[in-house]
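Hi everyone, thanks for coming. Let me put the structure up on the screen, and then I'll walk you through one part of it.

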Amino acid sequence: MNSQTIGILGGGQLGRMMVEAANRLGIKTLTLDAPGAPAKDIGPGLDGNFKNADAVYELAKKVDVLTIEIEHVNVSALDNILKTLPNVKIRPSPATIRTIQDKYLQKQHLIDHGIDVTQSIPLDNSVAEIQRAGSLLGYPFMLKTRKDAYDGRGNFVVKDTSSAEEALEALKDNLYAEKWCPFTKELAVMVVQDINGECKSFPTVETIHKNSVCHVVFAPARVPDSVLTNARMLAERAVYTFAALDKQNCGGIFGVEMFVTPDSHVLVNEIAPRPHNSGHYTQNGCVTSQFEAHIRAVAGLPLPKSLDLIPNSASVMLNILGEPENAQLDICKKSLEIPGACIHLYGKGHRVGRKLGHINIVSGSITGCENELAKLLPKDDVAIK
Ligand code: ATP
Ligand code: MG
Ligand code: MG
């Protein structure tokens with residue numbers, strides 16, 4: 001299909017599922033991560049740290065295109081590769097990764113391009129500065145670390161002036177503050193950008209978090225059609241803005257997380273420049289998965305005409321997190337009895353709270369998905385309450 005080799009920084013579950021998609025397309029991959037990383041079970045990989053410039057350079061020398069499964073990489077190392085190995089493409093571009101990996105810079109970039117986001121202000125790390133943010137934004141507000149945040153680690157809800165000290169203690173430094181968004185739902189759209197910068201989107205989905213970790217995703221989202229359309233258009237417009245940063249290295253998939261306000265207004269929460277947990281449903285709910293779309297985009301292959309759900313279907317995804325005494329295995333086994341369910345395990349060792357896999361359920365309607373999902377979850381679960 002394509003004689004290029006794609007190098008992937010990171011060999012976790014996202015890297016592994018990219019390798020799976022590439023294998024099916026007959027495209028070679030090489031991952032870089034610690035020994036035993038999940039992607040190495042199913043494809044070749046180098047042992048090393050994807051934040052280490054020398055290790056990244058060694059990978060780059062062996063591939064035609066570099067891509068990422070995680071945005072928290074060493075961007076200076078990527079800049080150096082663009083300069084010294086001009087035949088290697090880096091998709092998405094280092095400039096895009098640099099802008100997105102700093103959540104405050106990302107917000108400024110989106111505002112500069114007319115994309116609606118929550119109001120954000122940069123802060124020095126002091127109690128007085130956090131209180132100043134409170135007087136500007138009102139309480140509660142969200143204090144966030146600019147870099148290396150995920151699964152809500154790096155966020156602190158500042159309830160009033162007296163919690164500023166605790167907030168500083170929790171997050172330490174490199175902070176910014178975000179106005180509280182009283183959202184009614186959280187939505188997400190996967191957008192794939194081709195090497196010319198053009199964007200296409202998968203459907204709008206609804207994400208439900210538990211303890212700040214993605215728990216369940218409904219596709220399509222259970223919101224009016226006008227909101228589905230607005231979210232998809234906003235996500236495409238948001239991703240399109242990154243094309244201008246480096247036209248030579250466009251390409252790849254982006255996960256756009258959004259909020260819906262009580263008056264049905266949609267705004268962007270944050271963007272991930274890679275496959276995303278909210279897009280796992282595409283493996284069974286769509287003909288082309290987010291992983292295949294990403295591989296096709298970075299390899300410069302044509303993208304499918306439509307990224308919609310399989311006609312007359314709806315999907316739901318349930319994340320499998322490690323539970324004490326491996327209790328999550330009960331749900332995994334039960335899923336084998338559920339019509340339309342497909343389990344994806346990542347080959348990772350058990351640890352409580354660790355993402356170990358997910359279950360996609362495809363049905364003829366969202367109600368069908370809800371009914372099948374209910375068989376797997378306790379009655380008081382946030383996703384079915
Ligand atoms: P991820 O694992 O998705 O990268 P993250 O650690 O980068 O997460 P965010 O997406 O910034 O964190 O926030 C996590 C969750 O916190 C959001 O999904 C949302 O539920 C809530 N949240 C974030 N920002 C705000 C806000 N400004 N107002 C209200 N709730 C918010
Ligand atoms: Mg994030
Ligand atoms: Mg998030």
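Let's start with the ligand: by class, the shell around ligand 1 has 5 nonpolar, 7 polar and 6 charged residues. Here Ala, Val, Leu, Ile, Met, Phe, Trp, Tyr, Cys and Pro count as nonpolar, Asp, Glu, Lys and Arg as charged, and the others, Gly among them, as polar.

Please keep in mind that this is a predicted model, where local features need pLDDT of at least 70, side-chain atom pairs count only at pLDDT 80 or more, and totals for chains, interfaces and linings use all residues. Residues are numbered from 1 along each chain as its sequence is written, while chains are lettered from A and ligands numbered from 1 in the order in which they are written.

Which residues come nearest to ligand 1? Of the 18 around it, they are Met 142, Ala 149, Tyr 150, Glu 178 and Cys 181; a residue is near if its C-beta atom, placed from the backbone, lies within 6 Å. Strands E7 (141-145) and E15 (266-272) each supply at least two residues of that shell. Strands are DSSP runs of at least two residues, helices (H or I) of at least four, numbered from the N terminus.

Now the sheet. E7 belongs to an open sheet of 4 strands, ordered E6-E9-E7-E8, with antiparallel pairing; strands pair if DSSP finds at least two bridges between them. E6 (120-122) and E8 (155-158) stand at the edges with a single partner strand each, so one side of each has no neighbour in the sheet. E6 and E9 (residues 175-179) pair over 3 bridges, and Pro 122 stands opposite Tyr 176 in E9.
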